[in-house]
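Welcome, and please open your viewer.

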Amino acid sequence: MDSSNGKQWIRRRRYRCLLISLSIFIFLVLLIVILAVTVFRIRDATTTVNSIKLGGYSTGLNIPNPGLDVNVTLDLDLTAHNPNRVSFRYGAGTADLLYRGEQVGDAAILPGEIGARSSERMNISLTIYATKLIGETALYAEALSGSIDFQTTTRIPGRVTVMGIFRHHIVTYNSCNMAVNVSNRSVENSNCKYKANI
């Protein structure tokens with residue numbers, strides 16, 4: 001074999017190796033994209049309110065602004081569900097209580113992680129600032145009628161990582177309208193909506 005044939009053979013071999021390597025690379029990229037779009041497609045994580053109970057209450061003197069502070073707690077039992085095939089890590093979230101559009105209570109949701117295709121229950125004590133409700137004349141009329149209408153909202157930010165490459169940020173929202181029965185301290189007619197932003 002002369003030198004010109006040898007050089008052509010080496011060139012052909014390099015070209016063939018390059019084509020094979022490029023084909024394998026394209027195949028792997030396509031495989032990862034197909035898996036990410038089908039099997040590992042990101043689905044909305046959701047939060048569901050299981051039950052809401054009226055907890056304890058405390059009173060104290062407000063020294064800077066002379067008056068009485070009355071605080072009541074509302075115990076929220078939530079379930080966060082992760083339908084994805086990878087774990088969902090969530091950061092610090094918030095839960096708020098609204099009365100006629102005004103915030104009258106809040107609570108912090110601690111960070112955590114939910115495994116693939118699993119759920120986690122969270123018990124949150126939401127503090128109601130009763131002093132904000134004292135001036136609401138509509139509250140007294142509702143209390144006399146037997147039930148008070150509230151709204152709870154929760155926001156939990158987090159992320160899922162697919163195959164250690166693709167990171168997707170998800171924020172789940174939950175909004176519940178509910179009526180609290182004054183006589184037995186239970187929640188009636190709870191109506192919830194769920195939303196997630198990816």
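The stops below go from the surface to the core and then to the charged pairs.

Before you start, note that this is a predicted model: local features need pLDDT of at least 70, side-chain atom pairs count only at pLDDT 80 or more, and totals for chains, interfaces and linings use all residues. Residues are numbered from 1 along each chain as its sequence is written, and side-chain values use heavy atoms, with hydrogens and water left out.

**Stop 1: a nonpolar patch**

Select Leu22, Phe25, Ile26, Val29, Leu30, Val33 and Ile34, which make a nonpolar surface patch of about 640 Å². Such a patch takes residues with over 30% relative accessible area and no salt bridge, its nonpolar side chains (Val, Leu, Ile, Met, Phe, Trp, Tyr) being joined within 5 Å, while like charges are joined within 9 Å. Areas here come from the Shrake-Rupley method with a 1.4 Å probe, and for residues only the protein chains shown count as cover.

Now pick out Ile26, in helix H1 (residues 3-37). Helices (H or I, at least four residues) and strands (E, at least two) are DSSP runs, numbered from the N terminus. Ile26 has 44% relative accessibility and so counts as partly exposed; buried means under 20% relative accessible area, exposed over 50%, and partly exposed in between (1.4 Å probe, protein chains only).

**Stop 2: the core**

Which residues have the most contacts inside the largest nonpolar core? Select Leu74, Leu97 and Phe150 to see them; the core has 37 residues. A nonpolar core is a set of buried Ala, Val, Leu, Ile, Met, Phe, Trp, Tyr and Cys residues joined through side-chain atoms within 4.5 Å.

Stay with Leu74: leaving aside neighbours within four places in sequence, its contacts (heavy atoms within 4.5 Å) include Ile52, Leu97, Ile124 and Met178.

The whole structure has 2 aromatic pairs, and Tyr99 with Phe150 is a tilted one, 5.7 Å centre to centre with 55° between the planes. Because Tyr99 lies in strand S4 (residues 93-99) and Phe150 in strand S8 (residues 147-162), the pair ties together parts 51 residues apart in sequence. Rings of Phe, Tyr and Trp (its six-membered ring) pair if their centres lie within 6.5 Å; planes under 30 degrees apart count as stacked, over 60 as edge-to-face and the rest as tilted.

**Stop 3: Ile109**

Move to Ile109 in strand S5 (residues 102-109). Ile109 is buried, with a relative accessible area of 3%. Among its contacts beyond four places in sequence are Gly91, Met122 and Ile156.

**Stop 4: salt bridges**

How many salt bridges does the structure hold? There are 3, each a side-chain nitrogen of Lys or Arg within 4 Å of a carboxyl oxygen of Asp or Glu.

Select Arg121 and Asp77, whose closest N and O atoms are 2.3 Å apart. Arg121 in strand S7 (residues 118-129) and Asp77 in strand S2 (residues 67-82) are 44 residues apart. Arg121 is exposed at 54%, whereas Asp77 is buried at 11%.

Then show Arg89 and Glu113, which meet at 3.5 Å, N to O. This pair links strand S3 (residues 88-90) with strand S6 (residues 112-114).

Finish with Arg100 and Glu142, at 3.2 Å, N to O. Arg100 sits in the loop between S4 and S5, and Glu142 in helix H3 (residues 137-145). Arg100 is exposed at 56%, while Glu142 is buried at 13%.
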